[in-house]
Amino acid sequence: MNNIYKEATVRLVFDRYKTASKTKKGTVQLEITFMRKRKWISTGVRLFKDQWNDRKHVVNSTSMIELNNLLNKTVTDMESWLIFIK
């Protein structure tokens, strides 16, 4: 079996259902891909459309530093957990 299928990837996905706007919030989720299967886990963070940037994550928010730290910690914890169960 090729190693590419054994690797699990974790990434942040904002507004998977394309419902966020300037007046309605969308969710930030973790997308975990393993052996061509994807699962999504909610992070509990909800943002307006103009508060998300794919590279910088949370922007234009009064609590952007705390939210970015929370999201980065969540991704790191999930990656550590996936390495642990290997």
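Modeller: Please keep in mind that this is a predicted model. In it, the side chains of Lys73 and Asp77 meet, with nitrogen and oxygen 2.7 Å apart, and both residues lie in helix 1 (residues 64-85), four residues apart, which is about one turn of the helix.

Biologist: What makes the pair of Lys73 and Asp77 a salt bridge?

Modeller: The label needs a side-chain nitrogen of Lys or Arg within 4 Å of a carboxyl oxygen of Asp or Glu; the N to O value for Lys73 and Asp77 is 2.7 Å, so the pair counts as a salt bridge.

Biologist: Why is Asp77 called partly exposed?

Modeller: The class lies between the limits of 20% and 50%, and Asp77 has a relative accessibility of 40%, so the residue falls into it.

Biologist: Which residues do shared partners join into one network?

Modeller: Arg11, Glu31 and Arg38 are joined in this way: Glu31 meets Arg11 at 2.6 Å, N to O, and Glu31 also pairs with Arg38, where the closest N and O atoms are 3.4 Å apart.

Biologist: How do you know whether Glu31 is buried or exposed?

Modeller: Buried means under 20% relative accessible area, and Glu31 has 6%, so Glu31 is buried.

Conventions
Residues numbered from 1 in each chain as written. Predicted model: local features only at pLDDT ≥ 70, side-chain atom pairs only at ≥ 80, totals over all residues. Heavy atoms only, no water. Buried < 20%, exposed > 50% of the residue type's maximum accessible area, 1.4 Å probe, protein only. Helix = DSSP H or I, 4+ residues; strand = E, 2+ residues; numbered from the N terminus.
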